[in-house]
Amino acid sequence: MAIVKVSKKIGEMDLILETGLMAKQADGSIIIKSGGNVLLVTACMSPDPMEGADFFPLTVMYQEKYYAAGKIPGGYIKREGKPSDNSVLISRLTDRPIRPLFPKGFFHELQVVANTLCSDMVTPPDTLSINGASAALAISKIPFLGPVGGSRVVYKDGNYIVNPKFDEIKDSQLDIVAASTREGVCMVEGGAKMVSEEVLLGALELAHNTNLEIIGLIEELVDKIKPVKFDYKPAEDLLTEEKKKQIFDIAYPAMKKVNSDADKLRRAANVKAAGKESLEKLEITKESPEYKEAKAYLEELEEKIVREQILGEGVRADGRKSTDIRNITIDLDILPGVHGSALFTRGQTQALGIITLGAVDNVQYIDTIEAEETVTKNFMLHYNFPSFSVGEVKRMGPPGRREIGHGRLAERAIESLLPTLTEFPYTIRMVSEVLESNGSSSMATVCSTSLAMMSAGIPIKAAVAGIAMGLVWDKSTGKYVILSDIQGLEDHHGDIDFKVAGTKDGITAFQMDVKTIGITRDIMSEALQQAKDGRMHILGIMDKAIDHSRETVSESAPKVKVLTIPQSEIGAVIGPGGKYIKKITELSETDISIEEDGQVMIYSKDASKLEFAADMVKKLAFGLSVGDEMEGTVVRIEDYGIFVELAPGQSALLHKSRMTQRGNPRDIFKMGDVLKVKVDSIDEKKRLSLTQMQ
């Protein structure tokens, strides 16, 4: 196969798609380049459908390779291992827009793999993974209803920037990654610093227009390749139209009768039982050849009932109208021994937020190919979704892609509102334990995080709340209903899942996945306004529980004392090999962090220990003056006097003539004795002489 290449300028850089050079045994292989970033993206399909599959077996994997940035991986093994959180997040970004674009009933196993070959550490490679996957599928034999295009847009100082650099992203007020089909936006992920709905809509419009250019470029490549698509034929439907009508006539009214119930588990059990009884009446059992198709048809009926009830009657399964928010309860300080806690319950979704405060050197270190140096994080939000939260029994293991993705979304909603390290010199770890889930546990996590932070005394700039929006759209009639605060079945049977988090002053994070084609700007605008109204309602309830951060951290949290010493004296405080600072921490039982600018942060739950450690640091950094009084420890005894350690590495002579007792010092003192002394004199070599105090 000859090498085929197409290119187009997107933003300030050329986007290049190339095939025919590498990985030619894959069904689809693309080298995608932009700036100094180069990715190899492949798509492969199993020859036969997966037996007994009732789900689409697609795996999408983005792999960071350290050689791409001229780095050797850290640790002992020195090779790439478990995917980093960043790799998982980019895998999700790639997966979400392409997953809905395969034929219904297509069960061949697919694997899409994106490998970083070069990283310029100037611009992010995540949108290249989306576009490379789309192109690899489009030029392959794999049946694919795309292509899609993906782009990043930031809003900075009143201007939108396409394909921004890392430093432009860092200083921006809005950062989104959006993917589109020709009909409209199908996936959005991003964060912001309290921007308006209008600014977000402008970014989405620009992203979609950019994506149309990328789709055109992929279509140009397809025209040159002219792939022959796999002649996919869905498995024969053993359920005849006559049998479907029989099932409909019995099951539809029975299932509709029990559909209206605010209790998630009871409703699901009753709907399932009604469907099962209907099949039994028609003598369709597990042994029947059409049983699998009949079960799938019952799922279609449930979707039809849920959607028709919303569109036709304006009432949801739990009795709410389209804009109603479920009942909310808030419990603060529910765990007295931790540094901050809040239990946020909205309907049958419940998130327990728990704060832990630590010293600034408790940061997380992250190796990445996207930066020259190791990245540090002093705010971490970890989201846990155990199986009991939905009443299921599943294997417990490390966090999966969904947990990492939802945790990052909630983290993004909060991080722009955090105080600086100067304002609040702590490392913050937030853990959200989802205890119940019936829709939008990630947005409940945002709420519980905001509440827990305020209860912990973290001075965040404003309270943050999140809400998930849904849509039911009948394209045959054009009628649609936007839903506020969706529950699980509305997510499952609806057309979008649009999560929006923010403060009273603007949006801070958002995520959207579209299951239909062609969400219009008007629908997006209406959904954002309805989300704002819902967010304000939730924030009002949160304000009644706690409307500002507490003045001090909790009694169980470590307290901090901050000193500033001359940069030239940092070495004097640390000592050779860290000897002095280690001894101070041991003696005072504190944690001490020293920054390069001379800022010293001392942590302890005991105020007296804080003062003791601070006093020793001051002695080492600033020295002592004549007349200073303090306690010291006997570290050496001679016939003519004793040497008293006033701080690690700093001792002075107490001559026997200046002792309160007369006699040989060896008879009066023993090593380790603590006594109170005063600085009597300091000579030209900065040697101190002491006088013993009564």
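I began with helices α2 and α4, which are roughly parallel to each other; angles under 35 degrees count as roughly parallel, over 145 as roughly antiparallel, 65 to 115 as roughly perpendicular and the rest as oblique. The model is a predicted one, in which local features need pLDDT of at least 70 and side-chain atom pairs pLDDT 80 or more, while totals for chains, interfaces and linings use all residues. Residues are numbered from 1 along each chain as its sequence is written, and side-chain values use heavy atoms, without hydrogens and water.

**Entry 1: α2 and α4**

I recorded an angle of about 30° between α2 (residues 126-138) and α4 (residues 197-225), with the axes 10 Å apart. Axes are lines fitted to C-alpha atoms, for helices over the stretch in contact, and angles run from 0 to 180 degrees between N-to-C directions. Helices (H or I, at least four residues) and strands (E, at least two) are DSSP runs, numbered from the N terminus. The crossing of α2 past α4 is right-handed; the term applies if the near helix is turned clockwise from the far one by less than a right angle, and left-handed applies if anticlockwise. I then listed the contact (heavy atoms within 4.5 Å): α2 contributes N131, S134, A135 and A138, and α4 contributes I214, I218 and V222. By class these residues are 5 nonpolar, 2 polar and no charged. Ala, Val, Leu, Ile, Met, Phe, Trp, Tyr, Cys and Pro count as nonpolar, Asp, Glu, Lys and Arg as charged, and the others, Gly among them, as polar.

**Entry 2: α4 and α11**

I next examined α4 against α11 (residues 521-545), where the axes come within 10 Å and cross at roughly 150°. The two helices are therefore roughly antiparallel to each other, and α4 passes α11 in a right-handed crossing. On the α4 side I noted E197, L200, L201, G202, L204 and E205, and on the α11 side R521, M524, S525, L528, K532 and R535. This contact of α4 with α11 has 5 nonpolar, 2 polar and 5 charged residues.

T210 lies in α4. Its relative accessible area is 6%, so T210 is buried; buried means under 20%, exposed over 50%, and partly exposed in between, with a 1.4 Å probe and protein chains only. Leaving aside neighbours within four places in sequence, I found T210 in contact with I10, S151 and V162.

A68 sits in the loop between β5 (58-63) and α1 (85-98) and counts as buried at 9% relative accessibility. I noted that A68 and T116 are 48 residues apart in sequence, yet 6.2 Å apart in space, C-alpha to C-alpha. Not counting residues up to four places away in sequence, A68 touches T116, L117, C118 and S119.

**Entry 3: α5**

I located a kink of about 35° at A251 in α5 (residues 241-259), shortly before P253; the bend at a residue is the angle between axes fitted to the seven residues ending there and the seven starting there. The buried residues in α5 include K244, I247, A251 and Y252. Their cover includes α6 (264-281) and α7 (291-313).

**Entry 4: backbone geometry**

I found a cis peptide bond joining G146 and P147, with omega about 10°; P147 is in the loop between α2 and β7 (149-156). D157, not a glycine, has a positive phi of about 50°. D157 lies in the loop between β7 and β8 (159-162) and counts as exposed at 60% relative accessibility. K226 has a phi near 50°, is placed in the loop between α4 and α5, and counts as exposed at 62% relative accessibility.
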